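Please work through the exercises below with the structure in view, trying each task before reading its solution.

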Amino acid sequence: MPDMEESAQPTPADPSEPELPNGAGEPDEPEPASPVADAPASAPEVVAAVEEAPARSAPSKGAETNADGWRPYTMGELLGEAAEAAAGRSEYADGNGAGSATPERSRSDNLQLSSHHDVAMDLINSVTGVDEEGRSRQRILTFAAKRYISAIERNPEDPDAYYNWALVLQESADNVDPESDSSKDSLLEEACKKYAEATRLCPTLYDAYYNWAIAIADRAKMRGRTKEAEELWQQAIMNYDKAVQLSWNSPQALNNWGLGLQELSAIVPAKDKQTIIKTAISKFRSAIQLQFDFHRAIYNLGTVLYGLAEDTSRSGGADNSPSDLYSQSAIYVAAAHALKPNYSVYRSALRLVRSMLPLPYLKVGYLTAPPADDPIAPHKLWERSQFILNHEELQQVNTSESAPAKSNGLVEKTKRFIKVSVADIVSVSTCSDLTLPPGAGLCINTTHGPVFLVAESWESLDGWLDAIRLVYTIFARGRSDVLAGIITG
């Protein structure tokens, strides 16, 4: 990723942590570093969007034992079991699929390999690794690849064998010398072929579609802003779409889907860009709604909103003003930093966007509210009022169009105002209750009962929902002091 510049913006770029196949191992919470690829041409960039690298110890979906007595492995399991087998300690007996091959193949076995298998094995054999750890890992991967070829020869209709072989190829691609793009691309292309075969044999294999999309995305990144890259990004997006259809509650897939759309938006003609960006925003938002502390998706939503603000300031045409979009972007970047204050990428982005917040608040805006002492008052008594949100509370500050005074934050002290303490919040949701005034209904359930408000539009409501949920999530994670430091200085 390029370094942050004063006039730059948080926009997508290649992450320093490449997408990893589902089931592959990763240290807990590595810090994203600077990306290495160029950002979209839409605007200069500061920091990159961050792709989700799922924990490699996570169980593989569809991991039930198949008819041959074995199941698809996570990459951690695959490497561990293959290493044991290579050392002569495999617990698997011959005929049990993945454990049935031996480290040494006879000449007659090798002759049984198809030319297609030979191509894949030649590619894997060409990978040496950049250091001793990489070489050791590659020896295990090479051994594992032979085992999956053997499994496919015994049962050419086994989707799990193709899936696990694809994982080996994908992992081998990550082990390639960084200077050798052609070899990496060839390995990823072979992995894609294996994923295609696995999904042909088992169309409901979520992990295969998800990791296939990652492999395609990695190939697209090697091609810059070309027509070929555009086609690859479209293919990756289609596979993320299929993965989400099979597993709708996957925030990682939604986040990466949003990133793919964000990358695609930098290549397509300008007339198509806005639609793609808005779709990316919806994917990031869906990921956050599934996992409120998913800091990567939170940060990525901030970057895409910043890019939209830059585009709007140059050409206009968006529903929101650039200043509103910049402010929204800053909220997500600030929240990501509050959840992961040690991430240098988030700190750098925050330095750029902090001044775009309505300090000393996180969010300031208008909502239609009932009298504080009569929450079920007739519609004619509801008023459009200004509300402020900080790390401690959501509070109505006045009923005029003027901004709140920053010296004390409150006016009209003789009148009661709605006040919701973050510590009292139970849930926040949309509300379509017909007893509310027209508009986008918002319900905040608290320990003292529900609070009903109405936003000016459904888009505005999304912003309020996210902001309140994020503040509560930061509070629940014990990071309110970090957020307080951001908005109060």
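Two exercises with worked solutions follow.

This is a predicted model, in which local features need pLDDT of at least 70, side-chain atom pairs count only at pLDDT 80 or more, and totals for chains, interfaces and linings use all residues. Residues are numbered from 1 along each chain as its sequence is written, and side-chain values use heavy atoms, with hydrogens and water left out.

**Exercise 1.** Determine how helix H7 and helix H8 pack.

Solution. Begin with the axes, which are lines fitted to C-alpha atoms over the stretch in contact, with angles from 0 to 180 degrees between N-to-C directions. For H7 (residues 206-221) and H8 (residues 227-246) the angle is about 160°, and the axes lie 8 Å apart. Angles over 145 degrees count as roughly antiparallel, and H7 and H8 are therefore roughly antiparallel to each other. Next, look at the residues that meet, where contact means heavy atoms within 4.5 Å: among them are Tyr 206, Trp 212 and Ile 216 in H7, and Leu 232, Trp 233 and Tyr 240 in H8.

**Exercise 2.** Which residues of helix H13 are buried, and what covers them?

Solution. Buried means under 20% relative accessible area, computed with a 1.4 Å probe on protein chains only. In H13 (residues 344-353), 7 of the 10 residues are buried, namely Val 345, Tyr 346, Ser 348, Ala 349, Leu 350, Leu 352 and Val 353. Their cover includes helix H11 (295-315), helix H12 (322-339) and helix H15 (480-488). The helices named here are DSSP runs of H or I with at least four residues, numbered from the N terminus.

Technical notes. Helices (H or I, at least four residues) and strands (E, at least two) are DSSP runs, numbered from the N terminus. Angles under 35 degrees count as roughly parallel, over 145 as roughly antiparallel, 65 to 115 as roughly perpendicular and the rest as oblique. Buried means under 20% relative accessible area, exposed over 50%, partly exposed in between (1.4 Å probe, protein chains only).
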